[in-house]
Amino acid sequence: MPIALGRARNVLQYIVHSDKTYVCVMALHEAVPEERVREVCREFVGPIYQRPPLKASVERRLRVRRIYSIEVHEVVGRLVLMTVKCEAGTYIRKLCHDIGEVLGVGAHMAELRRIQTGPFTENENLVTMHELHEAVVAWKEHGDDSLLRRAVLPVEYVVKDVPKIYVRDSAVDAICHGAPLAAPGVLHLTDDITKDRRVAIMTLKGELVAIAKALMSSHEILEANKGIVAKPVRVIMRPGTYPKSWKSSRLEEKG
Amino acid sequence: MGMLIKAEEATDYRYGCPPDQRPIELHLDLGIVNLDKPPGPTSHEVTSWVKKLLGVEKAGHGGTLEPC
C-alpha cells in the first residue's frame with residue numbers, strides 16, 4: 001500500500017490508473033479437471049467486459065478492461081491459486097465469477113492480495129509498520145537517519161516509468177506556479193510522449209517538478225521552436241525552490 | 001524508452017537538490033512509503049498512524065484493494 005507524504009501526497013491519484021498485479025485464490029463450486037481450468041483462464045487473457053458491482057463507487061456501465069496475463073500456479077481440489085496482471089479498474093471478484101460461469105460450475109474469489117501497483121511491487125522496498133517505527137526511533141533517539149532514508153522512497157520513484165520532460169532551471173519556478181511549459185524551456189525528453197498523455201516534468205538534477213498533460217508528441221516537441229508543450233495538472237515542487245528567470249538576469253546585470 | 005536531446009544547458013547547484021541528497025525533513029515531505037499493510041485496520045487508519053509516526057501533517061494513499 002503506497003502512502004505519499006507531505007507535498008508528494010497528491011501524486012498517487014495519477015498512478016491509480018496504472019496496471020496492477022494480484023495473487024488470488026479462486027474457489028470453484030465443484031471440482032473441475034486442472035487442464036480445463038487452465039484452458040478457460042487462458043481464454044480470459046485479453047480484453048474482457050465488466051460491469052462494476054453494486055458496492056463500487058464508479059458508474060455501473062459495461063466497460064472493457066484488459067487482462068494482460070493469468071498464471072495458474074496450482075489447482076488443489078476446488079481451489080485455484082493464480083496471478084493476474086490487469087488494467088486499472090478490473091474487478092478480480094467479477095473475473096472469478098465469470099470464469100466460474102464459463103466453467104459451468106460457478107466460482108467466487110476466496111482471497112486476494114495486490115502485489116503490484118504501477119511502480120510499486122511487493123519485493124522492493126516494502127516496509128512494515130514495525131520497521132518504520134524502528135527507523136524513526138533510530139533517527140530521533142540516535143540521530144541515525146539511514147534506516148528512515150531506506151524506508152521512505154523519494155517521490156520521483158512514483159514516476160520512474162512515466163514519460164519525462166527535463167527543463168531548464170529558468171523554466172522551473174514558473175511551472176511551480178502552474179504556468180504551462182513552452183518549447184524553448186525543454187532540454188531532454190523521453191521518446192514515448194503522445195498528445196494528452198501524463199508526463200513528469202523534471203529538473204536536470206532529477207527532481208520532480210510537476211505532473212503535466214502533454215499537448216504535443218515527443219517528436220513534435222523536439223521540432224517545435226515555440227508553443228506550449230505541456231500543462232501542469234499537479235505541481236509537486238515548492239515554488240521558490242528555483243529562482244524566477246527574471247531574477248537571474250537581474251543578477252547577471254549586477255555581476 | 002529512449003531519450004531525445006533538444007538542447008543542452010548546465011544546472012546551477014546553488015538551487016534545488018538531487019533527490020538522494022535531500023535533508024531528512026525534505027526527504028520526508030517528498031516521500032513515499034510502500035507499506036506492508038497489516039490486515040484489519042483500514043487504509044485510512046494506517047495512513048493516520050504513519051502521519052503521526054513521521055510527524056507529517058498530510059498524506060495520501062493509493063488504496064489497497066478494490067472494494068469487493
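1. Helix α3 (residues 129–142) of chain A and α2(B) have axes, taken as lines fitted to C-alpha atoms over the stretch in contact, that come within 10 Å and cross at roughly 10°. Because angles under 35 degrees between N-to-C directions count as roughly parallel, α3(A) is roughly parallel to α2(B). The crossing is left-handed, the near helix being turned anticlockwise from the far one by less than a right angle.

2. To this contact α3(A) brings A:Met129, A:Leu132, A:His133 and A:Val136, while α2(B) brings B:Trp49, B:Val50, B:Leu53 and B:Leu54; contact here requires C-beta atoms, placed from the backbone, within 7 Å. By class these are 7 nonpolar, 1 polar and no charged residues, where Ala, Val, Leu, Ile, Met, Phe, Trp, Tyr, Cys and Pro count as nonpolar, Asp, Glu, Lys and Arg as charged, and the others, Gly among them, as polar.

3. The model is predicted, with local features needing pLDDT of at least 70 and side-chain atom pairs pLDDT 80 or more, whereas totals for chains, interfaces and linings use all residues. Residues are numbered from 1 along each chain as its sequence is written, and chains are lettered from A in the order in which they are written.

4. Across the contact between the chains, 60 residues come from chain A and 46 residues from chain B. On the side of chain B that touches chain A, α2(B) gives the most, with 6 residues, and that side divides into 25 nonpolar, 12 polar and 9 charged residues.

5. Strand β11 (residues 186–190) of chain A pairs with β1(B) in the antiparallel sense over 3 bridges, pairing being assigned when DSSP finds at least two bridges. Within β1(B), B:Leu4 is the bridge partner of A:Leu189.

Note on methods: Two residues are in contact if their C-beta atoms, placed from the backbone, lie within 7 Å. Helices (H or I, at least four residues) and strands (E, at least two) are DSSP runs, numbered from the N terminus. Axes are lines fitted to C-alpha atoms, for helices over the stretch in contact, and angles run from 0 to 180 degrees between N-to-C directions. Angles under 35 degrees count as roughly parallel, over 145 as roughly antiparallel, 65 to 115 as roughly perpendicular and the rest as oblique.
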